[in-house]
Amino acid sequence: MRCYLQTFLLGMIFVFFSFLYVFNQLASTLEDRDGWRVKEHGIPGRKSHDTGHLLRKRPGLEGLRDREEGLDSERSSSAVKAESRDERSHLAVVACGPRLEETITMLKSAVLFSKKPLHFYIFAEDELHKSFRNTLESWPWRVRARFNSTIYPITFPTENAREWKKLFKPCASQRLFLPLILKEVDSLLYVDTDIIFLQPVEDMWALLSHFNSSQLAAMAPEHEEPRIGWYNRFARHPYYGKTGINSGVMLMNMTRLREKFFKNDMTTVVLKWEEMLMPLLQKYKLNITWGDQDLLNIIFHHNPESLYVFPCQWNYRPDHCIYGSNCQQAEQEGVFILHGNRGVYHDDKQPAFRAVYEAIQKYQFGDNLETSLLGPLETSLQTTTHTYCGRASHLLTKKLKQSIMSVQQDTTRRRR
């Protein structure tokens, strides 16, 4: 009996000190809630492609609220009028390591099919900045006229910066801090480097207008089929919904995100975004597998009302066809955004995905899209039917054909 009592007491002591550690981390974060600062001296000024942001006045598609910190109340009336005409889609990506070419191909696909102007926010390691700048400046002037770009350094909170940088793939967790770095940006579409747009970016951007008053971010489910789901079979932490969410394509109303107080399982006190991240990492770092995506799953598990879930054709991955087609929306309308995770653009495991990537990569601006992109792609896809994804390759070109036709019709009208 004494032995059991001693074991029980030791267990209670262990639990007490564990809670004490978590609350200590939380208290430290609360004290330093304004202590996290971007290394402003390391962020380049607006040069070259960057013509500056037009701040907006209302949330969502309509813009940034007047009470947003840093909003200049003395802007000229002409600037305010210009803001209401800002139709740009704001697109962010984080590139580290050998991700230059993959990121360039993603940006290329965004420019090819979008009719409205774009602004790219490229977060990259310092040694990649020159290559990004040179490549974008080498594109034809008619292409460059359709987008602005700003290149930023990789920036993490000084506390545990090394841990954040190596949390999953190099620099992937940078996306968690975009609302704190891009304070003047109201809404943002974040994508992984291995994304290919098969239709205009503004179509995804328009989903912001579908948000209800409590929703501040949008993502797709991690899986459509629970029998092959990862989170529902293996996760050792809370996750959103039945199968979790995938953060490779993430649309955010960052004004709302910065203002919200989030429920959490670390304290009964609701926390702001910047107050929550470090304690969350400290609590779950031994239980997470997919890094920042797991942290996002935990956050939206406790705040499900804040998430808008869009269908799988907006984030179509090998999981949707590797064992047979399981994305019903893509079956009906085609694939809108292709996500080549698992490195499938660079190996032979899913040749249909690789064929799409290489078709965009090899296409030369100014060439006929139908004969120089679609034709070679369809020929390549015919050789992939020995795989399940190859047999579903008509889903990969269905929306692409419509996008190409729309671009060509628009080009013809402009020439007239």
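Strand β2, residues 118-124, is mostly covered, with seven of its seven residues buried. The model is a predicted one. Both faces of β2 are covered. On one side sit L118, F120, I122 and A124. On the other sit H119, Y121 and F123. Every one of these residues is buried.

## The sheet around β2

Which strands make up the open sheet, and in what order? Seven strands form it, in the order β3-β2-β1-β4-β7-β6-β8. The pairing in this sheet is mixed. Its edge strands are β3 and β8 (307-309), and each of them pairs on one side only. On average, neighbouring strands are turned by 25 degrees against each other, direction ignored.

| Strands | Sense | Bridges | Residues standing opposite |
|---|---|---|---|
| β1 (89-95) and β2 (118-124) | parallel | seven bridges | V94 and F123 |
| β2 (118-124) and β3 (147-152) | parallel | six bridges | L118 and F147 |
| β6 (217-221) and β8 (307-309) | parallel | three bridges | A217 and L307 |

Helix α4, residues 129-138, lies across β1, β2 and β3. Helix α4 runs at about 170 degrees to β3.

## Two helices side by side

Now look at helix α15 (residues 369-381) and helix α17 (residues 394-415). Their axes come within 11 Å and cross at roughly 170 degrees. That crossing makes α15 roughly antiparallel to α17, because angles over 145 degrees count as roughly antiparallel.

Which residues meet here? Helix α15 brings L369, E370, L373, L374, L377, E378 and L381. Helix α17 brings T397, L400, K401, I404, V407 and Q408. By type, the residues of this contact divide into eight nonpolar, two polar and three charged.

## Two loop residues

Residue P200 is placed in the loop between β5 (195-197) and α8 (201-205). Is P200 buried or exposed? Its relative accessibility is 14%, so P200 counts as buried, the cut-off being under 20%. What does P200 touch, leaving aside its neighbours within four places in sequence? P200 is in contact with F113, S114 and S403. P200 and S89 are 111 residues apart along the chain. Their C-alpha atoms are separated by 10.0 Å.

Residue R342 sits in another loop, between β9 (337-339) and α14 (351-362). Most residues other than glycine have a negative phi. R342 is not a glycine, yet its phi is positive, at about 65 degrees. R342 has a relative accessible area of 52%, so it is exposed, the cut-off being over 50%.

## The whole chain

How many helices and strands are there in the chain? The chain has 17 helices and nine strands. Of its 416 residues, 54% are buried. Consider the contacts between residues at least 6 apart in sequence: 74% of them join residues at least 24 apart.

Key. Residues are numbered from 1 along each chain as its sequence is written. This is a predicted model: local features need pLDDT of at least 70, side-chain atom pairs count only at pLDDT 80 or more; totals for chains, interfaces and linings use all residues. Side-chain values use heavy atoms; hydrogens and water are left out. Axes are lines fitted to C-alpha atoms, for helices over the stretch in contact, and angles run from 0 to 180 degrees between N-to-C directions. Helices (H or I, at least four residues) and strands (E, at least two) are DSSP runs, numbered from the N terminus. Angles under 35 degrees count as roughly parallel, over 145 as roughly antiparallel, 65 to 115 as roughly perpendicular and the rest as oblique. Contact means heavy atoms within 4.5 Å. Ala, Val, Leu, Ile, Met, Phe, Trp, Tyr, Cys and Pro count as nonpolar, Asp, Glu, Lys and Arg as charged, and the others, Gly among them, as polar. Buried means under 20% relative accessible area, exposed over 50%, partly exposed in between (1.4 Å probe, protein chains only). Two strands pair if DSSP finds at least two bridges between them.
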